[in-house]
Each structure stands twice: as structure tokens, then as C-alpha cells.
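Subject: Structure handover and notes

Dear colleague,

I am passing the structure on to you with this message, and my notes on what was found in it follow directly below. Please read them with the model open beside you.

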Amino acid sequence: MFPFTHNPATLSLIINELGEDRENYFNAVAPPIIQTSNFAFKKVDELRAAFQDEMSTYLYSRGINPTVDILRKKLAALDEAEDALVFNNGAAAVFAGVLANVKAGDHIVSVQKPYTWAFKMFENILPRFGVTTSYIPGLTIEEWKAATRPNTTFFYLESPNSWNFTLQPLEEIAQFARERGIVTLIDNSHCSPLFQKPISLGIDLAMQTATKYISGHSDTLGGVLTGTKAMMKKIFDSEYNTAGAGMQPFNAFLMLRGLRTIVSRFERITTSTLTVLDSLKQHPAISELIFPFDASFPQFELAKKQMTGACGLITIILKAKTRAQIVTFCESLRHILMAVSWGGHESLAIPKCAGLFDHEFDPGNREHQMVRIYVGLEDPHYLIQDLEQAFAKANLG
Ligand SMILES: *Cc1c(COP(=O)(O)O)cnc(C)c1O
């Protein structure tokens, strides 16, 4: 067993039992998909009570639904949070978490390269409502303090980042933010609650895409926000219900199905990632290897302090003189698929240069040479062979 954030018994309890009232549904082992839009009432007074506190009642499935509730309970427990809300995808969770906590005139400090759609919200949507954002590498607490203005009300974190894996010192940032009344949100998608518990480190809102490791099968999308009951209720009563971005019962069922195997998948992916990583160390095709739980990682000490592990994603920096070599490498992979996302059963590769035209490519720019590899559930040696033959085709090493 790898060192996860919870002990094995707690993980077993949360994943297999918590939130499941089987006696309510014929003792079925798998929870039913309560595929209903609305719930009927016998008393007008009960209906009125439901209107007044929709979060505590089954009234309408845009709000609260029993199948979705089981998932919410498990995800809140995994984060050691009081409550959770689940969304149709991760981007919706980010949107609701930020929007519920800013108003006209506010200033956000964000990590330099947040997830694409968080960045688009900061750049294209929030300025229309008088909310501005500045970006910092954010590696030290001093940077966060220096970037804070009198009107700063929100810190947007992503630790590790999903490309270069840079980290922020979460406990120090959370403490400073609390003193200033600044709300903190972290994108915890890389670690998932199995490797990092941001709420326990003092962060207000933990967000993760459930599309990746929670689902684990690349067949559905979802997003999660966890935090205090008061914070979840505030978001539920506004952004969650007005945007209507909550998760549907069938998708919640798929997420519950995915969760059952998350521990075994993480164990497998952790071992395989280390095997693949070893094969790439000192590789002639690669100038640099980035993995947050490797001794060579510049923030390895911080990683060990706030995470219990890392798996899946490895970024390699190719020794490519031309963009064409990176293209040949990626297009020569036979088993590793070229696609966005990660966290599923299938191994993936994605080159940074997919976002660049030929004339924009600079072989001297380390970032342009990046290829991110996701190690899935296949045999690691099968993956290593695939990488090797693609390196050779591209004349890399
Ligand atoms: C995929 C991803 C998201 C968004 O999640 P979706 O479910 O795809 O909307 C957010 N943050 C990170 C780091 C991601 O990789």
C-alpha cells in the first residue's frame, strides 16, 4: 500500500460504505440511479419548507438528488471537508467557486498558468464585471504577500500545476489569506484527495475535476468543490442552482462506479509511473524530466511536506531541434494515444507545440519542447517500448 492521505481502513469505509443506505433500496449493492427531475409532496407546508431550504430537501434534481448525494458524501469525506457539491464538469466547479466569492471592484491573485478555462474566465468574463486578476509564479509566500492589494479578495491556486508541476506553499498561503479575509481555492486535480488534502491544510475551497481520476475510465465528465457547509450552501443557493451546472444522476452513478477502484488504480499507476520514469532518466532523447515526487524536482521538499505522493503525469523536455521532430515522435506512438485529459485507463501523450504554429516554434524555449505523458493502466514495459520506437523514428537519441 502506498502512503495515501487516509489510512486503508478509512479509504475502505468511505469508498465502499459511506453514504449508502442500502436498506432504502432493496439492499442492492450498487446504488440506484434515481433518474427523476422532481419529487412529490403530500403537504403544502412541507413544500413550503422545501422552498425555504432547498439544499436540505429532495425537491428538484437541479438541486439535490439522492444518487448525487451519495457521491457528495464520499467526496466530502475524502477531502475531510464538511460538505461537497458536484458539477457537470470541472470547469463549472471552478466557475461557481470563483464567481460566488468575488464582486465588482475585487482583485484576484492567481498562479501564472492556471487551467485554460480558469484563465479564460479571468481574462474574458470577470473583467466585464469589474473583477481583475494578476498572475504570479507563486512559488513562495513572499510572492503572494507582495501581489496582494487592498482590494484582493481571492487567491486562485493550482498545486501541482498540470504541466510543469510547480507547487505553492499551501499552509503558509492559507494562513496569510485567513488573516486578510481572502478566500482561497485550489485546483487539486493532479493529486486528487488520495495524495493531498488541501482543506486540512487550511485552504477554503478544494476543487478537482472528477473527469480524471474519480471517473477513471474516460467516459464521463464531472467536477467537485468541497469546503465548509456554509460555503457550500452559499454556492448552492446562488451559482450552483442558477447556472444549473450540477451533476446528473447517471453521471453520479458512473463516478461512484469509478471511485470503487480508485485505490487499486492509484497503486497500479504509481508503480507504472515510476517504472516509466526510470526508463526515461538519463535518456539521450530527453534534456529534462519533470515529476514532482522525484529528488530532481526543485520543490521536492515542499512536495513531500504537503503531498503524500504523485502519479500518472510526467513531462519530458525533448532534445528536438525542430518542431517536426516532436510531431514525428507524437505521431509515431502506436499505443499511447494523443489526446487531452488524463486519469483514465489509457495512456496519453500531448505536446505543448500542438498550441503553436511552425513559425512560432522556438527550439531554445524549453516549454515548446515539452511533451506531457500520462501513464495509464497498461503494462509499463509495453508503454516504454512504444516510447522507444517513437524516439527512434523522430531521431531523438
Ligand atoms: C481537466 C482539468 C480541469 C477541468 O475539468 P473538466 O472536467 O474537464 O471541466 C481543471 N483543472 C485541471 C488541472 C484539469 O486538468
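The lining of the largest pocket is made up of 16 nonpolar, 14 polar and eight charged residues, where Ala, Val, Leu, Ile, Met, Phe, Trp, Tyr, Cys and Pro count as nonpolar, Asp, Glu, Lys and Arg as charged, and the others, Gly among them, as polar. Please bear in mind that this is a predicted model, in which local features need pLDDT of at least 70 and side-chain atom pairs count only at pLDDT 80 or more, whereas totals for chains, interfaces and linings use all residues. Residues are numbered from 1 along each chain as its sequence is written, and side-chain values use heavy atoms, with hydrogens and water left out.

The space in this largest pocket comes to about 1000 Å³, a volume being the space filled by probe spheres set on grid points that are joined across faces, edges and corners. A pocket here is an open set of points on a 1 Å grid over the protein atoms alone, where a 1.4 Å probe fits and protein lies on both sides within 12 Å along at least five of seven lines; lining residues have an atom within 4 Å of a point. Of the 38 residues that line the largest pocket, Y115, T116, S162, W163 and R372 are the closest to its centre. At least two lining residues come from each of α4 (90–99), α5 (116–125), β6 (205–209) and β11 (348–351), with helices (H or I, at least four residues) and strands (E, at least two) taken as DSSP runs numbered from the N terminus. The most is given by α5, with four residues. Because domain 1 (8–260) and domain 2 (262–393) both contribute to the lining, the largest pocket lies between them; the domain bounds come from an automatic or database domain assignment.

The second largest pocket has a volume of about 200 Å³, and of the 13 residues that line it, E288, I290, F297, P298 and R366 are the closest to its centre. Its lining holds six nonpolar, four polar and three charged residues, and β8 gives the most, with three residues. Each of domain 1 (8–260) and domain 2 (262–393) supplies at least three residues of this lining.

β8 also belongs to an open sheet of five strands, ordered β8-β9-β12-β11-β10 with mixed pairing, where two strands pair if DSSP finds at least two bridges between them. β8 (286–290) and β10 (337–338) stand at the edges with a single partner strand each, so one side of each is left without a neighbour in the sheet. The partner of β8 is β9 (residues 313–318), paired in the antiparallel sense over four bridges, and I286 stands opposite L318 in β9.

β6 runs parallel to β5 (residues 183–187), joined by three bridges, and antiparallel to β7 (residues 223–227), joined by four. A206 is the bridge partner of I186, and in β7 the bridge partner of A206 is T226.

With best regards
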